[in-house]
Amino acid sequence: MTTILLVEDDKNQRLLYEQELRHEGYEVVAASNGKEALEEVQEKLPDIVIMDINMPKMDGIEAMGRILGKNKEIPVIINTAYSNYKDSFMSWAADAYIVKTSDLSELKEKIKEVLAKKSKDS
Amino acid sequence: MSKRQSTYYPKEAISKIRKVLNKSKGMVLDENLLNTVENICQGVESNLKKKKSETAKLSKKSVIEDESKTLEEQIQEERKIFGNIMEVIGAGLCLLDKDSKVVWANDTLKEWLDLKESPIGDHCSNIYHCDVARTDKCPAVRVFKGEEGHSLESWVTTTKTKKRMYIQHIAMPMTNKEGILENVLLLTVDVTKSEKLVHRLLLLQQFGEITQGTLHLDKLLHLILTCITADYSFGFNRAMLFLINKELGVINGKLAVGPSSLEEATQIRTEMSSKHNSLKDIINRLDYSHNIDTPLNTMTKLMVHPLSDTSEVVTICAKERKPIIVKDAAKDKRVTGEFRKALGVDEFVCVPLIAKNETIGVIVADNVYTGEPISEDSINTLAMFVNQAALAIENAETYKRLEDKIDQLTETQERLIRSEKLAAIGSMSSYVAHEIRNPLVTIGGFAKTLSRFTFTDSKIKTNIDIIVEEVKRLEKILNNITDFGKSSTLEKVDTQICKIMEDTCILMESYFQEKHIKLHKRFETNIPEISVDPAQIKQVFLNIIMNAVESMPDGGDLDVIIKSVYKSLEIDIIDTGKSIPQRVLQNIFDPFFTTKPSGTGVGLPVSLKIIEDHGGNIDVKSKHGKGTKMSLTLPIK
């Protein structure tokens with residue numbers, strides 16, 4: 001089963017994503033900040049990471065950098081409320097950039113796309 | 001001598017006879033004979049006496065006749081001299097009687113006053129046409145009253161030469177033998193020259209005073225030419241001003257003052273008051289609109305000569321920096337046929353405008369209507385005047401440059417304030433937007449998950465849908481605001497603006513149909529590609545067209561025009577909808593200002609920011625009942 005690491009500091013939102021993604025048939029591992037995310041990556045070896053940017057302790061950009069530093073094979077989707085990080089070259093390392101909306105269909109589409117690409121590449 | 005001889009001869013002869021008689025008294029026997037001779041002698045003697053006295057009388061008469069003849073000759077001589085003097089002085093003379101009726105007038109006066117019939121017997125006011133007749137201001141009246149101050153000055157126009165003259169009337173008393181004042185002699189002198197000179201100097205002085213304060217350039221140019229054409233100063237019929245444009249390396253016509261036809265010239269002359277107006281009056285009376293569209297002015301503005309062209313009289317004048325008098329343009333090699341044709345006159349003068357040792361232009365003046373020859377003297381004063389004018393122009397130009405700079409500065413400042421305002425609003429709004437976005441995502445997301453469940457009560461489903469829709473709407477507003485706050489980098493590529501506009505219109509085609517909008521596209525051919533961010537420009541077009549359509553809820557016409565104007569492209573979007581009220585017009589580019597119930601008030605500010613980021617500008621014109629015209633300009637390079 002495909003495992004998704006969901007990094008999101010907002011508790012309710014995390015709940016929403018977990019619910020929705022599980023409904024899509026994914027195994028969801030949740031982390032509430034960058035630090036936790038690093039630990040979970042080590043432990044659970046997820047197939048894909050969905051990363052928020054603005055988070056306490058360690059933000060999404062830094063966490064993504066560290067994750068990719070260890071294993072650049074893991075695809076990362078940035079899911080943020082801010083559209084302006086799109087221009088930041090740090091976020092170019094991500095496989096996709098999504099501005100959060102209440103309509104999760106875009107996120108779901110992107111996950112499928114990125115996973116399909118990953119399986120094709122490997 | 002012969003007279004004396006003839007007088008003495010008979011006397012001597014008689015005394016000789018007497019001597020002979022006395023001697024022969026004793027000798028001659030015939031006493032009777034002697035007596036007879038004696039008698040004859042006596043008779044001759046008395047006769048002689050008689051004749052002598054007659055002769056004396058006669059000679060006396062001839063002396064008188066001689067004298068009167070000499071006197072007459074003298075009078076003739078003096079009259080001749082007097083006539084010559086009068087002619088040389090060029091004065092008009094007129095003898096008036098006590099009733100101010102003309103007793104006698106000379107030819108000069110008749111000519112000046114344009115008298116066709118003999119004025120003798122006429123009242124003086126009939127020939128002088130002055131408005132002081134019979135009043136105490138009349139010099140003749142004053143003289144008859146025995147008062148001082150016997151002169152009066154006025155303007156007259158002689159129709160013969162069409163020359164306007166300034167004449168002075170001086171009244172002098174004429175007494176008869178008994179010393180009684182019987183007549184007044186009116187001496188009329190042409191003082192035009194001195195009057196003009198005085199006024200020129202006065203003008204120079206006034207001009208200097210006025211131009212010490214800085215004038216608006218257009219007003220100043222007008223003033224200069226008006227001075228040159230003012231009848232009572234330089235009195236040229238027309239004056240044209242050419243200024244050098246250093247950037248383009250040309251000298252081109254700026255302004256011309258003067259009548260465009262002979263009729264107009266006459267009319268202006270009659271309108272001009274005979275009093276010399278002060279320069280300040282002229283400035284106040286200057287009517288720009290009157291002169292702007294005259295054929296002469298239009299013609300002058302069309303005249304452009306490259307400075308390198310040394311075959312044209314204005315460029316020669318600018319280069320040589322000396323006044324040029326052209327007496328016969330047809331024969332003068334410095335004047336091209338084209339220039340001569342444009343001016344339509346053979347005699348004219350070019351004077352360079354030199355300020356701070358640099359030629360800034362040329363003034364051309366002529367007497368096309370009166371044909372009056374241009375004198376050296378008038379050119380000298382003109383040159384003096386023009387020098388002062390050049391300095392004033394230089395001042396005004398410097399001032400204008402300064403003003404432009406200040407305008408630029410103000411504009412930059414305003415833009416800075418606006419962009420700072422935008423930045424502040426942007427950062428604040430983006431903070432608020434993100435803070436709201438996260439809970440919105442959660443609310444909307446969960447609401448959507450609910451729709452997967454089945455509910456027995458259909459109301460629940462409807463309510464969930466409402467939550468989802470409303471969240472979507474809020475998110476849309478947030479998107480607008482966050483886009484506004486974001487400072488994205490422009491991704492400029494060479495783009496055909498017409499193509500973007502075409503795409504935008506296609507995108508909105510169904511919208512136009514729905515709202516009954518008739519679209520009229522007019523794109524100039526050969527519009528060059530320009531470097532822009534196509535996505536952002538498209539956003540601008542969309543925003544503005546959307547506004548235009550929204551202003552026409554009952555349908556209308558939408559004109560979209562793209563044309564190239566000098567070094568930029570102009571995109572006009574013109575609607576026939578509800579116009580924008582004046583008080584609203586001031587605010588339409590302010591962020592979050594909106595009059596639309598569902599507007600966010602960022603469409604136009606974002607559009608302006610994008611266009612300004614591209615080095616362009618947006619101009620809005622709105623006329624009540626006529627709709628709105630949005631003009632976007634984008635630089636070509």
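This is a predicted model: local features need pLDDT of at least 70, side-chain atom pairs count only at pLDDT 80 or more; totals for chains, interfaces and linings use all residues.
1. Of the 637 residues in chain B, 26% count as buried. Among the contacts in chain B with a separation of 6 or more, 63% come from residues 24 or more positions apart.

2. The largest nonpolar core contains 48 residues, and those with the most contacts inside it are Ile228(B), Ala239(B), Val362(B) and Ile363(B). Two or more residues are given to this core by each of several elements of chain B, including the helices α7 (217–229) and α12 (313–320) and the strands β6 (238–245), β7 (250–257), β10 (348–355) and β11 (358–366). The element that gives the most to this core is α14(B), with eight residues.

3. Ala239(B) deserves a separate look: once its neighbours within four places in sequence are left aside, Ala239(B) is in contact with Leu225(B), Ile228(B), Thr229(B), Ala256(B), Val257(B), Gly258(B), Ile363(B) and Ala365(B). Apart from the core described above lies another core, of 31 residues, and among them are Tyr26(A), Tyr82(A), Leu104(A) and Leu107(A).

4. Turning to the interface, 19 residues of chain B are in contact with 15 residues of chain A. On the side of chain B that touches chain A, the elements giving two or more residues are α14 (376–450) and α15 (458–485) of chain B, and α14(B) gives the most, with twelve residues. By class, this side of chain B has five nonpolar, nine polar and five charged residues.

Conventions:
Residues are numbered from 1 along each chain as its sequence is written. Chains are lettered from A and ligands numbered from 1 in the order in which they are written. Two residues are in contact if their C-beta atoms, placed from the backbone, lie within 7 Å. Helices (H or I, at least four residues) and strands (E, at least two) are DSSP runs, numbered from the N terminus. Ala, Val, Leu, Ile, Met, Phe, Trp, Tyr, Cys and Pro count as nonpolar, Asp, Glu, Lys and Arg as charged, and the others, Gly among them, as polar. A nonpolar core is a set of buried Ala, Val, Leu, Ile, Met, Phe, Trp, Tyr and Cys residues joined through C-beta atoms within 7 Å. A residue is buried if 20 or more other C-beta atoms lie within 10 Å of its own, exposed if 12 or fewer, and partly exposed in between; C-beta atoms are placed from the backbone.
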